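Please read this briefing with the sequence and the model side by side.

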Amino acid sequence: MTYDLMVITAHPDDAEVQMGGTLAKLTQSGKRALIVDLCDGEPAEFAAPGTRRQQAMRAAQLLGADRVFLDLQDRFIIDTIPTRLKLAQLIRRQRPDMVFATTDACIHPDHAAIGPLVDAAVFYARLKQWEQVPGGQQLADTQPWVVKRLFFPHCKMEPVWGDFAFAVDVSATYALKKRALAEYSSIFQVAQGDQLLELYEAEDMHMGRLFGVAYAEVFKSHSPLMVADPTVFQPGLHG
Ligand SMILES: [Zn+2]
């Protein structure tokens, strides 16, 4: 089975925090989604090793996505050629139309590495002649694949964006996003009412307010966006 979209992030919970509502919306409309976490997020603050991985699998299931973990080490994720090649190989095997990745502007070094890594992997995935590239042989046995769209959800460790390419109304799937995030008692103090989770929700509400809806998640794009027909836009708050 291949996937319609991939969400590539550093840690288990990043995909949920950044775009859990959008992910649920996409899978509910029939899209096949794969979350790729570059590491297992260990050590987790409030649980034994292995717990965060199990919680991540349950969260993905709630959002209707599959999930895989790569074997990088939490805190040590950087943009390297071997990881670019590994991600490019995954993209060529799964052939997603859309890829989502964290931007490079985040204060967390693991998060900041994702943008350049995925930029490069998406580009590598479309290239031919890997058999002629010393060190690039692992891409030689897969066909080139052109990703149609590369989008960047807002990483909540960055300041709130005043400028972004588009927003998704996630009001209808926000309860699911909250349930998915609540799985992560290994990193959030869910039972006591984690303040960080409340702040994440406040940000999504703030973004929703810009459009007159309850909750929104926002995205950037390197490429300009074009629609076949401008009637696809939701009504604006002020027209
Ligand atoms: Zn993270």
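In helix H3, the residues Thr83, Arg84, Leu85, Leu87, Ala88, Ile91 and Arg92 meet Leu117, Val118, Ala120, Ala121, Val122, Tyr124 and Ala125 of helix H4, where two residues are in contact if their C-beta atoms, placed from the backbone, lie within 7 Å. By class, this contact of H3 with H4 holds eleven nonpolar, one polar and two charged residues; Ala, Val, Leu, Ile, Met, Phe, Trp, Tyr, Cys and Pro count as nonpolar, Asp, Glu, Lys and Arg as charged, and the others, Gly among them, as polar. The model is predicted, and local features need pLDDT of at least 70, side-chain atom pairs count only at pLDDT 80 or more, and totals for chains, interfaces and linings use all residues. Residues are numbered from 1 along each chain as its sequence is written. Helices (H or I, at least four residues) and strands (E, at least two) are DSSP runs, numbered from the N terminus.

**How H3 and H4 cross**

- The axes of H3 (residues 81–94) and H4 (residues 109–126) come within 8 Å and cross at roughly 55°; axes are lines fitted to C-alpha atoms, for helices over the stretch in contact, and angles run from 0 to 180 degrees between N-to-C directions.
- H3 and H4 are therefore oblique to each other, given that angles under 35 degrees count as roughly parallel, over 145 as roughly antiparallel, 65 to 115 as roughly perpendicular and the rest as oblique.
- The crossing in which H3 passes H4 is right-handed, a term used if the near helix is turned clockwise from the far one by less than a right angle, whereas anticlockwise gives a left-handed crossing.

**The sheet and its strands**

- Seven strands form an open sheet with mixed pairing, in the order S3-S2-S1-S4-S5-S7-S6, and two strands pair if DSSP finds at least two bridges between them.
- Strand S3 (66–69) and S6 stand at the edges with a single partner strand each, so one side of each is left without a neighbour in the sheet.
- From one strand to the next, the twist averages 25°.
- Strand S1 (residues 5–9) and S2 pair in the parallel sense over five bridges; Val7 stands opposite Ile35 in S2, and the bridge partner of Leu5 in S2 is Ala33.
- S5 and S7 pair in the antiparallel sense over three bridges, with Lys220 in S7 as the bridge partner of Phe152.
- S6 and S7 run antiparallel and are joined by four bridges, and the bridge partner of Ala167 in S7 is Val218.

- Five of the five residues of strand S2 (residues 33–37) are buried, so S2 is largely enclosed by the rest of the structure; a residue is buried if 20 or more other C-beta atoms lie within 10 Å of its own, exposed if 12 or fewer, and partly exposed in between, with C-beta atoms placed from the backbone.
- In a regular strand the side chains alternate between the two faces of the sheet.
- Ala33, Ile35 and Asp37 point one way from S2, while Leu34 and Val36 point the other way.
- Helix H1 (residues 14–28) lies across S1, S2, strand S4 (98–101), strand S5 (149–153), S6 and strand S7 (216–221), and runs at about 170° to S1.
- H3 also packs on the sheet, where it touches S1, S2 and S4, and its direction makes about 165° with that of S1.

**Thr173, a buried loop residue**

- Thr173 is placed in the loop between strand S6 (166–169) and helix H5 (174–182), and it counts as buried because it has 24 C-beta neighbours inside 10 Å.
- Not counting residues up to four places away in sequence, Thr173 touches Gly21, Ala24, Lys25 and Gln28.
- The C-alpha atoms of Thr173 and Gly20 are separated by 8.3 Å, although these residues are 153 residues apart along the chain.

- Most residues other than glycine have a negative phi, and most peptide bonds are trans.
- A cis peptide bond with omega of about 5° joins Glu42 and Pro43, and Pro43 lies in the loop between S2 and helix H2 (51–63).
- Arg75 has a positive phi of about 85° although it is not a glycine; Arg75 lies in the loop between S3 and H3 and is partly exposed, with 14 other C-beta atoms within 10 Å.
- Arg95, in the loop between H3 and S4, has a positive phi near 55° and is partly exposed, with 16 other C-beta atoms within 10 Å.
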